[in-house]
Number of protein chains: 2
Amino acid sequence: MSTQPIIFYDIPSTAPGCAWSPNTWKIRYAFNLKGLPYKTTWIEYPDIADLCKSIGAEPTMIRKDGSPYYSLPVIKDPNTGAVVSDSARIADYLDATYPNLPKLMPAGTETLQRGFRVAAESATDPLTPYVIPAVAHILHPRSKEYFVRTREERFGKKLEDVVPTGEAHDVAWKALEAGYAKINGWTTPGSPFVMGDTVSYADLVIAAELQWCLKAFGANSDSWKGMMAWHEGRWARLISDLQRYEGPNEDVHA
Amino acid sequence: MSTQPIIFYDIPSTAPGCAWSPNTWKIRYAFNLKGLPYKTTWIEYPDIADLCKSIGAEPTMIRKDGSPYYSLPVIKDPNTGAVVSDSARIADYLDATYPNLPKLMPAGTETLQRGFRVAAESATDPLTPYVIPAVAHILHPRSKEYFVRTREERFGKKLEDVVPTGEAHDVAWKALEAGYAKINGWTTPGSPFVMGDTVSYADLVIAAELQWCLKAFGANSDSWKGMMAWHEGRWARLISDLQRYEGPNEDVHA
């Protein structure tokens with residue numbers, strides 16, 4: 001019996017390839033790594049909560065005031081009827097539901113992979129004040145209005161004032177490079193991927209954050225070019241090695 | 001050819017079992033997990049730098065002022081002549097040098113294990129203001145004087161003022177429990193160890209921090225008993241499951 005395409009809800013942008021969100025990129029890579037058929041449905045930010053309620057997708061967080069917070073990725077799998085939200089839970093679902101396809105988390109490494117994700121995302125945390133303001137410029141108008149308003153509430157200031165400048169930039173950008181150096185230091189020299197020659201969830205985590213930078217900064221920006229030169233081009237090679245898992249262009253364009 | 005005992009430099013205390021440092025505990029567990037013969041040489045804090053210089057052990061850090069910082073564990077392996085410092089480098093050395101013994105980091109998981117360590121130690125970071133002041137009480141006089149002086153310099157206040165009290169304690173202790181909940185959330189229900197039924201470096205990282213708490217707080221303290229009740233006794237089971245790798249008592253006593 002052939003597998004029907006899984007419906008994959010993602011947030012569009014004006015950047016080349018359309019997809020930009022690091023959390024949805026992990027799952028986009030995952031579908032292509034597994035060779036699972038999927039079909040993207042593009043959802044603008046202000047429509048995410050209504051979509052989730054209408055298809056029965058669980059919130060990914062409960063806010064301090066007790067209200068549910070909905071976010072993408074969400075998938076709807078017509079093969080099982082399952083609706084799953086949260087990239088980590090979707091990764092678990094795909095590994096468990098399609099056990100004969102390549103695993104995101106090879107048996108026995110699941111806990112290590114989950115911990116690694118936290119360590120890697122924490123090491124690259126200095127990205128936040130650079131990428132969030134840059135993302136605002138690649139969203140469609142309705143999403144942009146929503147994104148800027150909610151992120152300015154979160155930061156407590158205008159997004160243009162969030163980006164480090166002058167000396168603060170020198171310090172923050174060095175901290176970011178040091179974060180990537182930390183991840184580089186965990187790896188075994190000569191191994192293209194975290195687990196050696198096998199692509200796993202940990203690689204998708206790193207690559208998804210790189211996609212976020214690529215889409216937000218642009219391929220010709222000094223920021224992106226600088227990052228691609230770090231650690232003897234290691235991150236450029238990772239993006240290039242995973243290009244075959246980026247998915248078909250006809251799907252990627254909104 | 002039989003393996004000669006590896007000399008293992010550790011810091012003594014007055015606590016039951018003598019060993020208390022989380023970084024040296026990782027290696028103590030590692031020797032016993034591998035079944036490698038070792039002999040502990042106990043070194044008081046003020047003697048660590050001189051010891052390292054005399055045996056050619058590298059510093060584990062360079063301070064901001066450019067001066068070398070020496071710390072334990074350090075091992076000296078008479079089978080190869082190697083002197084290795086830093087628990088992470090010692091773990092790599094033991095896996096590489098004795099490839100036929102059980103691996104701390106099973107092949108392909110090395111990078112994941114290193115990242116997991118950072119994530120786990122960061123999740124339990126709220127331990128610091130509790131354990132550091134408590135450690136002062138279990139050190140021998142010369143080490144205690146050195147430890148209290150250098151840690152008070154680092155914190156910029158008296159160690160007794162570092163311990164959270166009152167409302168600050170409620171917040172900090174909840175943050176600590178949340179940190180352990182985070183690690184618990186990464187694990188697969190029903191798996192005794194991070195990799196399932198196989199003990200690996202990741203388990204030693206968690207257990208070594210628990211040993212630090214056990215020795216500093218004492219087995220009868222409310223803090224220790226509280227931790228052992230968290231997450232359905234998961235951490236108590238881990239310590240108990242790894243008891244067979246704590247090593248012989250005749251070695252543990254200074």
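Helices (H or I, at least four residues) and strands (E, at least two) are DSSP runs, numbered from the N terminus. The views below show a predicted model, in which local features need pLDDT of at least 70, side-chain atom pairs count only at pLDDT 80 or more, and totals for chains, interfaces and linings use all residues. Residues are numbered from 1 along each chain as its sequence is written, chains are lettered from A and ligands numbered from 1 in the order in which they are written, and side-chain values use heavy atoms, with hydrogens and water left out.

**View 1. The loop at B:H140.**
B:H140 sits in the loop between helix 5 (128-136) and helix 6 (141-155) of chain B. The residue is partly exposed, with a relative accessible area of 22%. Here buried means under 20% relative accessible area, exposed over 50%, and partly exposed in between (1.4 Å probe, protein chains only). Which residues does B:H140 contact, leaving aside its neighbours within four places in sequence? They are B:P12, B:S13, B:T14 and B:E44. Contact means heavy atoms within 4.5 Å. B:Y93 is 47 residues apart from B:H140 along the chain, and the two C-alpha atoms are separated by 31 Å.

**View 2. Helix 5 of chain B and its cover.**
Helix 5 of chain B is largely enclosed by the rest of the structure, because 8 of its 9 residues are buried. The buried residues are B:P129, B:Y130, B:V131, B:I132, B:P133, B:A134, B:V135 and B:A136. Their cover includes helix 6, helix 7 and helix 8 (201-217) of chain B.

**View 3. B:D95 in helix 3.**
B:D95 belongs to helix 3 (residues 87-97) of chain B. Is B:D95 buried or exposed? B:D95 is buried, at a relative accessible area of 7%. Its side chain reaches the backbone nitrogen of B:M105 at 3.0 Å. Not counting residues up to four places away in sequence, B:D95 touches B:K34, B:P102, B:K103, B:L104 and B:M105.

**View 4. Salt bridges within the chains.**
Side chains of opposite charge can pair when their charged atoms come close. A salt bridge is a side-chain nitrogen of Lys or Arg within 4 Å of a carboxyl oxygen of Asp or Glu. Over all chains, the structure holds 18 salt bridges.

- A:D95 and A:K34 form a salt bridge, with the closest N and O atoms 2.6 Å apart. A:D95 lies in helix 3 (residues 87-97) and A:K34 in helix 1 (residues 22-34) of chain A, so the pair ties together parts that are 61 residues apart in sequence. A:D95 is buried at 7% relative accessibility, and A:K34 is buried at 3%.
- A:E58 and A:R89 meet through their side chains in a salt bridge (3.4 Å, N to O). A:E58 is in the loop between helix 2 (48-55) and strand 3 (61-62) of chain A, and A:R89 is in helix 3 of chain A, 31 residues apart. A:E58 is partly exposed at 48% relative accessible area; A:R89 is partly exposed at 36%.
- B:D10 and B:R28 form a salt bridge, with the closest N and O atoms 2.9 Å apart. B:D10 is in strand 1 (residues 6-10) and B:R28 in helix 1 (residues 22-34) of chain B, 18 residues apart. B:D10 and B:R28 are buried.
- A:K26, A:R117 and A:E121 are linked in a network of salt bridges.

**View 5. Where chain B meets chain A.**
In this interface, 18 residues of chain B contact 18 residues of chain A. The two chains bury about 1,600 Å² between them, 68% of it on carbon and sulfur atoms. Buried area is the accessible area (1.4 Å probe) that two parts lose on being put together, summed over both. B:T111, B:L112 and B:W186 supply 40% of the area that chain B buries against chain A, more than any other three residues. How many salt bridges does the rule find across the interface of chain B and chain A? It finds 0. Residue pairs in polar contact number 6 (both at pLDDT 80 or more).

Helix 4 (110-123) and helix 7 (166-186) of chain B are the elements that give two or more residues to the side touching chain A. The largest share, 9 residues, comes from helix 4 of chain B. The residues on this side divide into 8 nonpolar, 7 polar and 3 charged. Ala, Val, Leu, Ile, Met, Phe, Trp, Tyr, Cys and Pro count as nonpolar, Asp, Glu, Lys and Arg as charged, and the others, Gly among them, as polar.

**View 6. The two copies superposed.**
A rotation of 180° with 0.0 Å of shift along its axis superposes chain B on chain A (RMSD 0.0 Å). That is the relation of a two-fold axis. Superposition is by least squares on the C-alpha atoms of residues with pLDDT of at least 70 in both copies. The copies meet through the same surface, because 100% of the interface residues of chain B are also interface residues in chain A.

Terms used
A polar contact is a pair of N or O atoms within 3.5 Å; within protein, one must be able to donate a hydrogen and the other to accept it, and residues adjacent in sequence count only if both atoms are side-chain atoms.
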